[in-house]
Each structure stands twice: as structure tokens, then as C-alpha cells.
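Reader: I'd like to learn how to read a few features of a structure, one at a time. Could you take me through them?

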Amino acid sequence: MSVIYRRSMAYLDKFVPPKYAPLWNHPAGPKTIFFWSPWFKWGLVVAGLSDLKRPVESVSLPQSLALSVTGLIWSRYCLVITPINYNLCAVNVFVAMVGTYQVQRAARYQLALRDSEQAAEM
């Protein structure tokens, strides 16, 4: 498979304008997974933003907490790897933000539900 990849990249190299050659040949450029994985991970952010429209009772607290924590962990990690990947850092920060907001929504709902149940018992 790497032979096919190398040949296709050598073919595509001919069409890259000299102005964009530094980006094209960068260690985190379009020739690598370091470039493409953050772009696909933005799908998690879009999905998280669309979940903001869901009723709060259907928000999963453990899932939102997991998204928040992994977003924080990976945003730190992507700044210490080589090459440093700022796009990956940005997407992980946004994943953490969306997850944290959903955790806040779910936790507030759970607390309000518990308070209303305690008030009904009295």
C-alpha cells in the first residue's frame, strides 16, 4: 500500500503550486494523517453542538464527561508531540468545551430532579 501512496504523492507533487509547497511538504501537512485526523474529528464537535438541541433528560452524563476529559487530555498531548499540531489542539479544545457544557446541563438537570423528588417526599 505504501508504494501506491508514494507514487500517488509523487504524481500530485507536480500539481502543487510553489506557493503552497511548504504547506504540502510540512510534517503535519496534507500528505500525513496529522493533517486529516483533526479535520474528521471536527465531526465530534458538530455532533456535540447538534446535541445542544436535545432535551436535557436524554443527555448522557458519563458520555459528556468522557468527551470533556478526553478533549482536555488530547489538547495537552498534541502540543508535546512532534510535529506540534495546532489544528488537533483546537479541535480537542472545542470537544472539551462542548462536553463540559453538556456535563453542566446534565448535572443541573440531575440536581433539580433530585431536589424536586426530595420536596415531593416532604
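Reader: Is Arg54 buried, partly exposed or exposed?

Author: Happy to start there. Buried means under 20% relative accessible area, exposed over 50%, and partly exposed in between, using a 1.4 Å probe and protein chains only. Arg54 has a relative accessible area of 33%, so Arg54 is partly exposed. A word on the source: this is a predicted model, where local features need pLDDT of at least 70 and side-chain atom pairs count only at pLDDT 80 or more, while totals for chains, interfaces and linings use all residues. Residues are numbered from 1 along each chain as its sequence is written, and side-chain values use heavy atoms, with hydrogens and water left out.

Reader: Which residue forms a salt bridge with Arg54?

Author: The general idea is that side chains of opposite charge can pair when their charged atoms come close. The rule used here asks for a side-chain nitrogen of Lys or Arg within 4 Å of a carboxyl oxygen of Asp or Glu. Arg54 pairs with Asp51, with 3.7 Å between the closest N and O atoms. Asp51 is partly exposed, at 23% relative accessibility.

Reader: How many salt bridges does this rule give?

Author: The count is two. Besides the pair above, Asp13 and Lys31 form a salt bridge through their side chains, at 3.1 Å from N to O. Asp13 lies in helix H1 (residues 2-13) and Lys31 in the loop between helix H2 (21-24) and helix H3 (33-50), so this pair ties together parts 18 residues apart in sequence. Helices here are DSSP runs of H or I with at least four residues, numbered from the N terminus. Asp13 is partly exposed at 33% relative accessibility, and Lys31 is partly exposed at 24%.

Reader: Which residues is Tyr5 in contact with, leaving aside neighbours within four places in sequence?

Author: Contact means heavy atoms within 4.5 Å. With those neighbours left aside, Tyr5 contacts Lys31 and Thr32. Tyr5 lies in helix H1 and is partly exposed, with a relative accessible area of 36%.

Reader: Which residues make up the largest nonpolar core?

Author: A nonpolar core is a set of buried Ala, Val, Leu, Ile, Met, Phe, Trp, Tyr and Cys residues joined through side-chain atoms within 4.5 Å. The largest one here has seven residues: Val45, Cys78, Leu88, Cys89, Val91, Val95 and Val98. Helix H5 (residues 86-121) gives the largest share of this core, five residues. Val98 touches Val45, Gly48 and Leu49, not counting residues up to four places away in sequence.

Reader: At what angle do the axes of H4 and H5 cross?

Author: Axes are lines fitted to C-alpha atoms, for helices over the stretch in contact, and angles run from 0 to 180 degrees between N-to-C directions. The axes of helix H4 (residues 61-77) and H5 cross at roughly 150° and come within 7 Å. That makes H4 roughly antiparallel to H5, a label for angles over 145 degrees, with under 35 counting as roughly parallel, 65 to 115 as roughly perpendicular and the rest as oblique. Among the residues making the contact are Leu61, Ser64 and Gly71 of H4, and Gly99, Gln102 and Val103 of H5.

Reader: Is Ser64 buried or exposed?

Author: Ser64 counts as buried, at 7% relative accessibility. Leaving aside neighbours within four places in sequence, Ser64 is in contact with Val59, Gly99, Gln102 and Val103.

Definitions and conventions:
Helices (H or I, at least four residues) and strands (E, at least two) are DSSP runs, numbered from the N terminus.
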